[in-house]
Number of protein chains: 2
Amino acid sequence: MPDAPRDIEALIEIMARLPGLGPRSARRAVLHLIKKRGPLMRPLAEVMTRVADTARECLNCGNIGTGDLCPVCTDDKRVNGQICVVEDVADLWAMERGQAFGGRYHVLGGTLSALDDIGPEDLRIPRLVDRVTSEAVTEVILALNATVDGVTTAHYIADALSGSGVSVTSLAQGVPIGGELDYLDDGTISAALRARKAV
Amino acid sequence: MPDAPRDIEALIEIMARLPGLGPRSARRAVLHLIKKRGPLMRPLAEVMTRVADTARECLNCGNIGTGDLCPVCTDDKRVNGQICVVEDVADLWAMERGQAFGGRYHVLGGTLSALDDIGPEDLRIPRLVDRVTSEAVTEVILALNATVDGVTTAHYIADALSGSGVSVTSLAQGVPIGGELDYLDDGTISAALRARKAV
């Protein structure tokens, strides 16, 4: 941007590095912010500074919080004994939006990947094995993405926990609510057929 | 986001109000920022605070700068006597990227719109008329969007400046560079045909 002041250029350049934004949408977003300096830009800068200062990963489960332990790990109302294993904090938030799970979480921070050279010690898998023994866990629910790496990781974790006496389950696979068969891939239809239930 | 700390929820909520971002992409962007607190989030918050503190509209042309006058208005190397009229600062930046214009600008801040009840005094049209007489302007180039409101505004400005002796021009309309006729709308093809040139 010739002739845009240097800070504005820098702001656009940084915003364009966010996922989902490119140079053009970053310019639009920055102009919108500048037009709404008082009601939007200043509060955004303030809350962003606060989050940058306070956000940190939970030492126990890897979720994002503001202390050593995250809100889920310190919540007395949640059930102990069940740990839901997710790949990422975004997946934890997705599970929480569903409001179907009241236990604890464990955020791996990724999946095993031979291609990207990510092994168990790069994720929080050893920490999960520790928790299963130390927290008297009865069930580990694997809520990993149904991708090749996700499935590989699920198998690895099931192996690592075999012999610990904990029951390892995973989310059911099948037709999504509201899904139309004609638009589903063959793998999903096969999985749904194999897992068919009596009506 | 149940169980996300309150500041992070607030950050997602504000980010989701930016053009081009929705709740889902705002969550992704915030998680990305939190993962890259040092190299990305903190610089972003700092530069955003600086821009919120310093950015302001040029008193002369409406462009965004950091002082009473913007970098374009104070640039001695630019040609006087030619003013390019644009709707928005984003359009000024688009013109500057083209590097085809070396004169001054005038940012209207919108277009006339009967529907939205925007009249000449809501835009910087009176200020444009002032500049044309006070700055010894010889040509006003209307670089407005080729929308109904843009064309209406162009006609209004041409009327307002008639009698001042200034020459009022507008960007040529026709086939865009690299454009394929089969994908162009009928209006553009008609305009390009009417404005045909000897090869």
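Student: How many residue pairs are in polar contact between chain A and chain B?

Tutor: A polar contact is a pair of N or O atoms within 3.5 Å; within protein, one must be able to donate a hydrogen and the other to accept it, and residues adjacent in sequence count only if both atoms are side-chain atoms. Between chain A and chain B the count is 10 residue pairs, both residues at pLDDT 80 or more. This is a predicted model, in which local features need pLDDT of at least 70 and side-chain atom pairs count only at pLDDT 80 or more, while totals for chains, interfaces and linings use all residues. Residues are numbered from 1 along each chain as its sequence is written, chains are lettered from A in the order in which they are written, and side-chain values use heavy atoms, with hydrogens and water left out.

Student: Which element supplies the largest share of the side of chain A that touches chain B?

Tutor: Helices (H or I, at least four residues) and strands (E, at least two) are DSSP runs, numbered from the N terminus. The largest share comes from α3(A), with 15 residues.

Student: How many residues are in contact, and what area is buried between the chains?

Tutor: Contact means heavy atoms within 4.5 Å; here 55 residues of chain A meet 55 residues of chain B. Buried area is the accessible area (1.4 Å probe) that two parts lose on being put together, summed over both. For chain A and chain B the value is about 5300 Å², 72% of it on carbon and sulfur atoms.

Student: How many salt bridges are there between chain A and chain B?

Tutor: A salt bridge is a side-chain nitrogen of Lys or Arg within 4 Å of a carboxyl oxygen of Asp or Glu. Six are counted between chain A and chain B. Among them, D53(B) pairs with R42(A), the closest N and O atoms being 2.6 Å apart. Another joins K35(B) and D88(A) at 3.3 Å, N to O. This pair runs from helix α2 (residues 23-35) of chain B to the loop between β3 (82-86) and α5 of chain A.

Student: Is K35(B) buried or exposed?

Tutor: Buried means under 20% relative accessible area, exposed over 50%, and partly exposed in between (1.4 Å probe, protein chains only). K35(B) counts as exposed because its relative accessibility is 55%, whereas D88(A), at 23%, is partly exposed.

Student: Where does C58(A) lie, and which residues does it touch?

Tutor: C58(A) is in the loop between β1 (56-57) and β2 of chain A. At 4% relative accessibility, C58(A) is buried. Leaving aside residues up to four places away in sequence, C58(A) touches N63(A), D68(A), L69(A), C70(A) and C73(A).
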